[in-house]
Amino acid sequence: MKMPDNGLSYSSQSTPGTSAFPIGDFCIDDSRLTKVLIVGAGFSGITAGIRFQQKLPDVGLTIYEKSAGVGGVWFNNKYPGLTCDVPSHSYQLTFEQKKDWSALYAPGPEIRQYLEDVVEKYKLTRYLKLKHEVVHAQYNEAAGRWHVRVRRQNAETGGLDELEDTADVLVCAMGSLSRWNWPDIEGLQEFKGTLYHSASFDPAEKTWQEVVEGWKDKRVGVIGVGSSALQLVATLQPRVKKVVNYVRGKTWFSGPFLVEAFQELLGRDPEVAGSYEFTSEELERLKNDPEFYQKFRMTLDTALMSMHPLTKPDSLMQLGAQEGLRRYLQQKLEKKPWIYEKLNPDYSVVCRRLTPGPGYLEALCSDSADFVSTTIRRITESGIETIDGEYQDLDIIFCATGYDASYRLPMKILGRNGVDLNDKWTPHPVTYLSIAVDSFPNMFLLLGPNSNIATGSILANMEAQVKYAVQATAKLQRERLKSIEAKPEAVRDFDQYLETYFSKTVHVEKCRSWYKGGKEDGRVVGLWPGSTLHALRTLANPRWEDSNYERLDPVENRFYWLGDGQTNAEKTLTGDRVWYLREPWLDAPSVPATSELHGVPQASKPP
């Protein structure tokens, strides 16, 4: 079907310019049931569930989650020492603020409980289907609907069944950290000890502390140097007989983010290294003193939102960070200076993700820890051998080797004309502003390709993406549209912008990073092209002209959706008919203070 210049297609063969057409027998605001299917119940899926039921008048909502609980990575990850690696008060939803986080860096179970509490508060359980994995989704062009297949376990037989479902709108909220990677190391599965991926550790009915209590005489190997590896090494070193950290490549380490601000805000002595946990007195003040809490939260967020110059090569902030972090690394590794030589990077700060790792460097310097930077040759039945012939006997191995960041989806998603999204995203993902893809109508991505943030708040960006998806769906409802779809030329232009933008940042330097799909070189597929605040400004006001549309009704006139000239409240004489006098419609301007007028040219009087 040919698209006219205005981006609209029609279902009828009526002649353009016809003066008469049938007026719709409906009100402009009559509700139209719109079914929304959300895939995933992590931060983004939960937020989408809240906002869709809040903002849309008549929505049928289903949230499919393949795991047995909500929380995404915070449900699936349970490894020893799991914590948030950014300040807890800056890692929560803007509209649901928890004031009693136990520590500056909250432990994983606390974040999971926070998300479970949010689900309970906003009554999302009625929409949730846990242990339901979406394995196939295909867009039906004639109906303008998505048809999905969902795999679940049969409660009676224990086998796997498939059910089918349909939706007007498909929201992909799987995120980028949902499929973990085993390392490609010879002999990995021959190990006779206990083998874990950091994402596969499950203490079952126990806590990780109870499990690790039995490891006092164990020798533990940790492969990796990302956030999970740092937390594992710092946590296990004082609790096991020996820990050996196998590290490939160099990386930057920072002290815990914003510790100085944390101590100053709480009135602690900045010269005294202390716990990152809040005291009972501090928690009471944060909970009961709104002004203090607001200052605490705003100060932390302001600092995080001021770090974007780090992404620019040779910026003063970048050069200062390199100098300061090298000094920090040398000081922390003074007992084992040879580790500094192995870790000291030859690329810029934030080329790959900067990780604080409290306690990690201290753990490496202990007598019960070894640091191995030599390449692993193979894993044997009883340990790890490196290419220099050295060998370590181990009882437990943790592979903290991250996730598949290639955006090759495990589920098949087929758009118009059977286009496979995985094929569309070869050799690299292409999107419209990270939230939509041409040939895939009525589909929105949350925390998909090019949506993560190198500095700032990822959750703020995610909330903006959710808002965009809700606004687009509201447009479908309001204007009686069958489909909304990003224009191919808009996707192409954004792809070109990404390539041009990142060429001027530190992210294109040679460093192995999930920002580049786990490669040292290549396309940046993980990051938004700019700061968090830049992303929020970009998504705040949708450019509807960047999309093509199909109308639901076989009428050519673009204003058919205006209906019979009235609202439902007027037609039925029910409901609120003075809503224009209430917020949010009523938007009262503030009166300028007299001081604001000084120095401002005043309009001249008319002649």
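## Disulfide

The link of C351 and C511 is left-handed, with -95° about the S-S bond. C351 lies in the loop between α10 (337–343) and α11 (360–364), and C511 in the loop between α14 (488–502) and α15 (532–540), so the pair ties together parts that are 160 residues apart in sequence. The S to S distance of this disulfide is 2.0 Å, where a disulfide is a pair of cysteine sulfur atoms within 2.5 Å. One disulfide is found in a search of the whole structure.

The model is predicted: local features need pLDDT of at least 70, side-chain atom pairs count only at pLDDT 80 or more, and totals for chains, interfaces and linings use all residues. Residues are numbered from 1 along each chain as its sequence is written, and side-chain values use heavy atoms, with hydrogens and water left out.

## Cysteine burial

C351 is buried, with a relative accessible area of 0%, and its partner C511 is buried at 3%. Buried means under 20% relative accessible area, exposed over 50% and partly exposed in between (1.4 Å probe, protein chains only). C84, at 2% relative accessibility, is also buried, as is C399 at 0%.

## Contact of α7 and α8

The axes of helix α7 (residues 280–288) and helix α8 (residues 290–304) come within 5 Å and cross at roughly 100°. That makes α7 roughly perpendicular to α8 (65 to 115 degrees; under 35 is roughly parallel, over 145 roughly antiparallel and the rest oblique). Axes are lines fitted to C-alpha atoms, for helices over the stretch in contact, with angles from 0 to 180 degrees between N-to-C directions; helices are DSSP runs (H or I) of at least four residues, numbered from the N terminus.

R285, L286 and N288 of α7 meet P290, F292, Y293 and F296 of α8, contact meaning heavy atoms within 4.5 Å. These residues divide into five nonpolar, one polar and one charged; Asp, Glu, Lys and Arg count as charged, Ala, Val, Leu, Ile, Met, Phe, Trp, Tyr, Cys and Pro as nonpolar, and the others, Gly among them, as polar.

Definitions and conventions: Helix = DSSP H or I, 4+ residues; strand = E, 2+ residues; numbered from the N terminus.
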